[in-house]
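Open your viewer and keep the selection panel handy. This tour tells you what to pick next and what to look for.

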Amino acid sequence: MNNVSAIVERMSKGKRMQEMLEAKGISPGDLVEVTSSGGRIFRGVVMPHHEFSGESVVTIKLDSGYNVGIDLSDTGSLKLVSKAEPRRAHKREIPRDKTKKTVSVISTGGTIASYVDYRTGAVHPAISAEEMVFSVPELLDICNIRAEVLCSVLSENMKKENWTQLAERVCEHLNSGSVGCIIPHGTDTLGFTAAALSFSLSNITAPVVLVGSQRSSDRPSSDATSNLLSAARLCTGADLGEIVVLMHATTDDDALSIHRATRARKNHSSRRDAFQSVNEPPLGHIDAGGITLREEHIVRAKGKVEVDARFEEEVALLNFYPGLSAERFRRSVEGAKGVVIAGTGLGHVSQGIIAEISSLTRSGTAVCVTTQCIWGSANLNVYSTGRDMQSAGAIPLDDMLSETAYVKLSWVLARTRDPDEVRKMMRNNMRGEMTERRIL
Amino acid sequence: MGSPDYRSLGLKVGLEIHQQLSTGKLFCSCPCDLSEQVVRRFMRLLRPSQSEMGEIDRAALEEAQKNLRFIYESTPFDCLVEADEEPPHPVSGEAVRTTLMISKMLGAHPVDEIQFMRKIVIDGSNTGGFQRTGLIATDGSLAADGKKISISTICLEEDAARRIKEEGREVVFRIDRLGIPLIEIATGPEIETPEEAKRIAERLGSLLRATRRVRRGIGSIREDLNVSISGGARVEIKGVQELYLLPLYIDNEVRRQSALIEVSRELSKRGISELKPKKIDLSKELAKTKSKVLMKSLGDGGRILGIRLPGFAGLLGPDSDGTRRLGPELAAHARVSGVGGIFHSDELPAYGITEVEVDRVRKELGAGKMDCIVLVAGSNENTEAAIERVIARARQAIKGVPEETRDPMPDGITTYSRPLPGRERMYPETDIPPFTVTQDLMEEIGNQLPEYPEETARRFIEERGLSGEQADALVKSGFDRDFDELVEAEIPPKTAARTLINTIAELEKDGLDTSRLNSEMIKAVLRRQTSGDFAMEAVPMLLGRMIEQGETLEQALNSLDISSVSDSEIERVVESIVREKRDLILERRERSIAPLMGLIMSELRGKADGKKINSILTAKIKSVFE
């Protein structure tokens, strides 16, 4: 039995209860007495309306702590007992310890730093730097924190302008004394942002660590705590001058992996160890024993960090799939100055699409090819399809991640439109995004 | 010692009965089964989540201070949901329906919309750090013994992981049990005697089983007891699994609270109103002790810390009835801080601590005749924390009985486990859409109410020819449905009843997990027995083998070497034994039947009917001495 259809039907009307409460001057947090349509009386605190609750249902928190939905249609009624006490402002200052190093935390939103309001049950993200720090106060045992909330967006709503701002803020923080920079970020598009910072920043003097959490920090089991604390340890304790992603290595809470920004991909929708380094081992690990980094890691640069964070807006990223018509393909890349196609297997598309690639490149649009297999390299030399794609002007990107290719192409096209120059830059391994050796 | 007069003591008991359902898990599609097969292990940490006011639940905080690492064992009966690696799926409709059904049977009123909550629990028993629970119905009642007991709430929640063991700071849990639906029925505090509590629990249990959607076997039904007496305090005894022990726990709690009230009165008589004892390091005074526990602590670089409790003399040891008093309470609190327990002067000299040493320590602590001394031994850090807890608990003794949660022990006593959780520990489970309880649904459920236990018993007597006792036993043990199935499969009712009532109880007594027994297995065995393939005696052996080794009936028959033997084979075996023991028969005559029966049965057990062997043997013996 499910009542999904009932929910969907009433979802659209869900706002009605809110309006009724407002008309009575009642808001979430107020104590009320409710008489249900069945004539039973409940006393409790009004809760925010759930999106899927019935239109005539009010949710109250009983004295026992339970929330229940009560239907007020027909004969139900509701009266205010007392208004909620206004929330006391809770001002806390972040303490400073002169003996500790300073790490910057630049938050972009998401639930990695969030609070529960047990009175209404609402979970809201930290909206100030102080709130963010005090969501994991153990951070202050490791370092001083210079915190900044840059934006508060769900990561699926990130735009290229957010990448640009973020890159500039990171540069500013590192150039003014921080020994590292932690960037709490929603995990959905964390890999894209990591790659964007990677191409935008050069001469990096300290670790720039993107961390996410797969279980929000209002839960006792949140992975945010160990991810953030490990990030602080990495910033204060490692000779690393790279953009990295730091997340759980396994489902366990005491093993974390450090991924090079251009190689990190979210490969699971919900697990803690969703992020993996694709086509190469992780750059390093953190566990109880300490931090270990592969020899290939780049050490802290001397001097000042440099930033160039311009991105071309008109770039498309798409998967080829059987049955994709030339017409549909054409519509989805219309107006694009660059296109990344994640082809099947070694990077293939159908004959019909090859003709489209040809006309795109002739009109000056860069077309790059990756593999949608995620693991392995694109190779357009093996089959005639691949060779035809190359003749049509497609640029094979070997084992570069499709997402990284999209970010890189956006960054390259903001610098040059010259086809030869674009090809040269895209095929040049700039930030460890490509490798020639893939080991068994 | 006689029973206390519970009514004049103002005993109030409320029951919370937790019954596992067999509907499939509450928030995923895993089966409701337990497993011994561990597929992998993983390690997690839990910390109290902060609300924006920085409020943390006091019970949660106490758990957090223990700084534990949790090792979870995964089995074939759990998935990413139990591992806290995937959001919960929508609630099991079957579990909700069953809960609504029992609500209706108890005359409770369902809420209009069920909303699931997260109840913060960070002792590791839930991988997420919270238990999901929803309030389904309120305000029902249960009539028993001409008295009406109110049913205040009926909730549907997920069961916790199984605690397997604890080693130092590591606690091991198995997550197969996590997520099994659990109906929680809470009565009002109107129960007035321990026996009444047992009857109410039995009645609720049989109503729940009447829905035929409940799990059976060890641990599938658990009781929490809320117990208080006048002048005492609400104490929650959590997780009683044996129904027959329920009156004993309540009786002991009444005695414990009475004793603690008496302690408080005595302290007040002695003029003790506050407590500020000085902690003194006694390692030097006891450096040469022969007490093994103390020696070990000192040897490990630890110390012995002592305090004087002024006016507490004689109040830590048991009272004249043998009821335990403050000693075990202080010890339980000390143990929370990682020491093994306490030593107190009401029980010293003992444990290898000599009278001379006690006198020396008393002197060092400045203890007079009316004072009690308490010692703890262990690491510097642990003893400090432990003695602080002992002091805090001793202060509570001045006031009387503290509210708390206690763990039931197998011998009928309870020990302190943690403070009663505060109220601020629930917030909405936003991953699960609310469930609308429609009028149509309630009507549908109303039309499908199961046969009530007393109706079932009557039918068994009238239609199946069982005795009243047998019918009652079947209904109480929840095997009524299996009985129906067996009889439908043309197993004689008496055989079916005997197997379900006696055989299963015997298997349980042998420590076997009979929750793995299903009616198909019993049916298969009894069918073969009925058609004469083996004797009734073989039934428990076969079933035992099938649940313990996971064998099929055929495999069990093979491994136990059970086959039916012909009458002539029985004659042959009896004949040879009779010949062998001729002297014994001549000497003891009829009284030799019993020992000879034993010898024959060890050869023929399960292969032939005991009654038949007995009659052949009796005839043969007679022929010897006649």
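**Stop 1: the whole model.** Show everything. This is a predicted model. Its scores are ipTM 0.91 and pTM 0.84.

**Stop 2: chain A.** Select chain A. How many helices and strands does chain A have? The count is eleven helices and 23 strands. Chain A has 440 residues, and 50% of them are buried. Now think about contacts between residues at least 6 apart in sequence. In chain A, 69% of these join residues at least 24 apart.

**Stop 3: chain B.** Switch to chain B and colour by pLDDT. The average is 89, and 96% of the residues score at least 70.

Next, colour chain B by domain. Domain 1 covers 12-234, domain 2 covers 268-418, domain 3 covers 453-535 and domain 4 covers 567-625. Select domains 2 and 3 of chain B. Their C-alpha centres are 54 Å apart.

**Stop 4: helix α11 of chain B.** Select residues 468-477 of chain B, which form α11. Which residues of α11 are buried? They are B:Gln470, B:Ala471, B:Ala473, B:Leu474 and B:Val475. What covers the buried residues of α11(B)? The cover includes α3 (194-210), α10 (453-464), α12 (480-488) and α13 (493-509), which belong to chain B.

B:Gly478 follows α11(B), and its phi is positive, near 80°.

Conventions. Residues numbered from 1 in each chain as written. Chains lettered and ligands numbered in written order. Predicted model: local features only at pLDDT ≥ 70, side-chain atom pairs only at ≥ 80, totals over all residues. Domains from an automatic or database assignment. Helix = DSSP H or I, 4+ residues; strand = E, 2+ residues; numbered from the N terminus. Buried ≥ 20, exposed ≤ 12 C-beta atoms within 10 Å, placed from the backbone. Contact = placed C-beta atoms within 7 Å. pLDDT = per-residue confidence, 0-100.
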